[in-house]
Amino acid sequence: MDRICKLRTSVGRNNLGAPTLLILHLLVVGSMSPTARRAIELVRQGQVAAALELGLLAVAEAPEDVGLRIFTGMLLAREVRLEEALEQFSHALGLAPQEVFARLESARILVGLDRVDEAETQLAQVPDGSEKSRVAAQIQRRRGDPEAAVRTYRAIVAGEPQDFESWGQLGVCLVALGRPAEGAEALAHSLRIRRTQAVFRDKWADAEVLAGRGEDALRRALDYDSEHPADPLIQTTIARLHSLMDRPDLARAAIDEALHRAPDHVGALLVRAEQDEAENRMEAFAQTLERLAAIGVRDARLDLLEARLAYRRGDYETALATAEHVPAGADPGSRALLIGQINDRLDDADRAFAAFEAMNRETALEVVEPQRQARRFRDTISDRARLASRSWIRSWPRPRPLHDRPAPVFMIGFPRSGTTLLDTLLMGHPDVIVAEEKPMLGKVAEAAGGYERLAALGPDRIEALRSVYFEEAARHVDGLSGTRLLIDKLPLGTIEVPLIHRIFPDARFIFVQRHPCDVVLSGFMTRFQPVEGMTNFLTLDDTARLYARVLDFWTHCRAVLPLVLHLVRYERLVEDVEAELRPLASFLNLPWSDRMLDHRRTAQDRGHVATPSYAQITEQINDRSVGRWERYRDRMEGVLPILKPWAERMGYPL
């Protein structure tokens with residue numbers, strides 16, 4: 001049976017094609033029961049679920065048949081039912097300890113279950129070879145060593161250049177190392193060998209955008225589409241690229257076209273379901289899931305979407321049962337996020353917190369040394385504070401005033417402080433337009449050439465930077481004009497306050513405040529993309545330290561800059577929306593509009609919401625999240641000394 005290990009089959013790459021069929025033949029030839037024979041025939045016909053059901057029956061009939069145990073374990077692994085697959089392989093090894101293939105697959109499954117130490121123990125008993133190297137690379141990645149994984153994958157593809165999965169995993173590791181251009185090339189190589197790999201297609205799009213080549217990638221995808229006008233798959237890639245570049249309407253149009261070409265295309269339907277949910281189109285979301293079920297789709301991605309639908313409907317028990325039924329190895333980060341959210345609603349703080357920890361562990365695998373990146377970002381904030389002295393600020397030449405339009409208003413604070421709720425309320429005002437976490441300030445900072453150069457900016461240069469800001473805003477904000485008040489909502493824009501004041505000295509600020517413990521806990525419980533400062537949210541300690549650093553900086557800016565600001569307190573806002581909004585409207589010189597109070601209609605009308613709060617803004621305003629941290633007090637004991645000074649300063653109980 002050792003010869004089986006030489007065949008190109010694995011849990012991750014198991015497509016149940018010809019190599020697998022050969023393995024199955026080798027496993028059971030000469031000793032097949034009628035049930036086992038029928039199961040193999042079903043595999044040949046592509047009916048994996050039915051084959052698995054018969055395979056389990058065959059095992060029950062012959063529990064000491066090693067071949068049947070391995071056969072059933074392979075099918076279970078193919079269905080991402082990893083715990084059950086591991087049980088079958090463990091039985092096989094108990095019957096035949098020398099069975100290399102079962103040991104190799106056990107190691108692979110243990111990696112998928114994040115039981116890395118056990119995986120290494122199993123792998124140490126497997127002879128050297130390419131399959132062992134593939135599992136070793138998976139372990140290296142789970143250990144947080146993508147550099148070693150890159151070396152291993154390069155060695156694999158050098159010997160087996162048609163190994164599409166290793167090419168793809170090589171690309172993923174290169175992206176994690178901050179080398180997205182190289183990663184995109186490796187992923188493209190994988191897709192040239194097998195273009196139907198949905199995960200690697202998405203990863204390729206991600207890498208191209210991270211490398212700053214999103215527009216070029218989109219042009220190439222559109223060129224391919226023009227040459228293959230009947231291909232629905234390329235439209236899913238076009239949708240991904242549009243989505244990554246913040247063009248949700250074009251992403252939706254691409255999926256419309258994919259479904260026009262192939263109404264039952266599973267990949268396009270799954271993307272459509274995700275779009276519907278993200279845009280709060282709950283009826284359409286449910287209908288898309290029904291359509292997928294009607295055409296016989298059964299996979300972990302659909303199961304997670306069905307669990308999310310139950311969660312959005314408030315059926316938390318069903319949502320939890322469905323989410324927990326999803327195999328742990330299938331999109332573990334999304335699964336953990338949903339399980340955490342459900343348990344939080346069910347007031348099971350221990351299980352919720354454990355799930356959020358698991359979510360953040362998965363997200364941390366996407367980057368190298370995330371805690372080091374987190375510290376570097378916090379140090380950047382401290383460097384800015386040291387630079388922003390009163391004497392340095394007094395040296396700034398006075399820029400010319402804006403004449404053709406008012407300066408933007410900047411809504412800042414800290415992520416998860418309530419800025420999305422507030423911006424939705426303000427969107428209801430006919431004289432307001434909100435830019436929600438768009439890259440205008442980033443483009444201005446890049447064009448300015450660094451914070452240390454702010455004092456050297458003359459009036460002409462500041463005029464040019466204002467043009468950069470408004471030109472970028474015009475690309476991202478529909479309906480931008482000089483007659484409507486632009487509110488630039490960017491929670492971590494707090495660390496850009498000196499830049500903002502330098503370019504727009506008359507700018508007004510809305511600072512959204514929330515209990516430090518609630519905002520830090522909520523940040524830790526949110527799945528952010530682990531880029532730049534957002535790596536701080538992968539641990540509770542780093543989240544608290546970032547909060548303190550940001551608030552230190554904000555306090556310093558208020559002391560050295562003549563800022564015009566208005567404070568909105570989240571707890572007051574959810575208690576009495578109108579009472580908190582009326583002073584804000586006066587501060588903004590806006591006439592009162594009752595339309596601001598109908599946030600649910602505004603949320604529904606706005607469609608795509610590019611923040612993790614997209615689901616909450618369609619709910620009735622409530623105080624459910626006020627004081628939530630108290631249920632997690634024991635988990636937060638380690639960060640309370642960091643947050644206590646800020647809670648006391650703001651008048652919050654601790």
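## Stop 1: a strand covered on both faces

Strands (E, at least two residues) and helices (H or I, at least four) are DSSP runs, numbered from the N terminus. In a regular strand the side chains alternate between the two faces of the sheet. With six of its six residues (508–513) buried, E4 is largely enclosed by the rest of the structure.

Before you go on, keep in mind that this is a predicted model, in which local features need pLDDT of at least 70 and side-chain atom pairs count only at pLDDT 80 or more, while totals for chains, interfaces and linings use all residues. Residues are numbered from 1 along each chain as its sequence is written, and side-chain values use heavy atoms, leaving out hydrogens and water.

## Stop 2: the sheet around E4

In what order do the five strands form the open sheet? Reading across, it goes E2-E3-E1-E4-E5, and the pairing is parallel. Two strands pair if DSSP finds at least two bridges between them. At the edges stand E2 (432–436) and E5, each with a single partner strand, so one side of each has no neighbour in the sheet. Neighbouring strands here are turned by 20° against each other on average, direction ignored. That angle is taken between axes, which are lines fitted to C-alpha atoms (for helices, over the stretch in contact); angles run from 0 to 180 degrees between N-to-C directions.

Zoom in on what flanks E4:

- Strand E1 (residues 409–412) runs parallel to E4, joined by four bridges. Click Ile412 and then Phe511, its bridge partner in E4.
- Strand E5 (residues 564–569) also runs parallel to E4, and six bridges join them. Phe511 has Leu567 as its bridge partner in E5, and Val512 has Val568.

## Stop 3: rings and charges

Next, show the aromatic side chains. Rings of Phe, Tyr and Trp (its six-membered ring) pair if their centres lie within 6.5 Å; planes under 30 degrees apart count as stacked, over 60 as edge-to-face, and the rest as tilted. How many aromatic pairs does this rule give? The count comes to 14.

Start with Phe353 and Tyr632, a tilted pair at 6.4 Å centre to centre with 45° between the planes. Phe353 belongs to helix H21 (residues 349–364) and Tyr632 to the loop between helix H32 (599–606) and helix H33 (633–636), so the pair ties together parts that are 279 residues apart in sequence. Phe353 is buried, at 4% relative accessible area, and Tyr632 is buried too, at 0%.

Then pick Phe528 and Phe537, another tilted pair, with 4.7 Å between centres and 50° between planes. Phe528 is buried at 13%, and Phe537 is buried at 1%.

A charge sits over a ring if NZ of Lys or CZ of Arg is within 6 Å of the ring centre and within 35 degrees of the ring normal. Look at Arg514, whose charged end is over the ring of Tyr570, 4.8 Å from its centre. Then find Arg582, which lies over the face of Trp592 at 4.1 Å from the ring centre.

## Stop 4

Select Thr535, in the loop between helix H28 (516–524) and helix H29 (540–560). Is Thr535 buried or exposed? Thr535 counts as buried, with 1% relative accessibility. Leaving aside neighbours within four places in sequence, Thr535 is in contact (heavy atoms within 4.5 Å) with Val367, Pro370, Gln373, Ala374 and Pro530.

Now for some backbone angles. Most residues other than glycine have a negative phi. Asp246, not a glycine, has a positive phi of about 60°. Find Asp246 in the loop between helix H14 (233–244) and helix H15 (248–261), partly exposed at 26%. Glu437 also has a positive phi, near 55°. Glu437 sits in the loop between E2 and helix H25 (440–448) and is partly exposed at 34%.

Definitions and conventions: Buried < 20%, exposed > 50% of the residue type's maximum accessible area, 1.4 Å probe, protein only.
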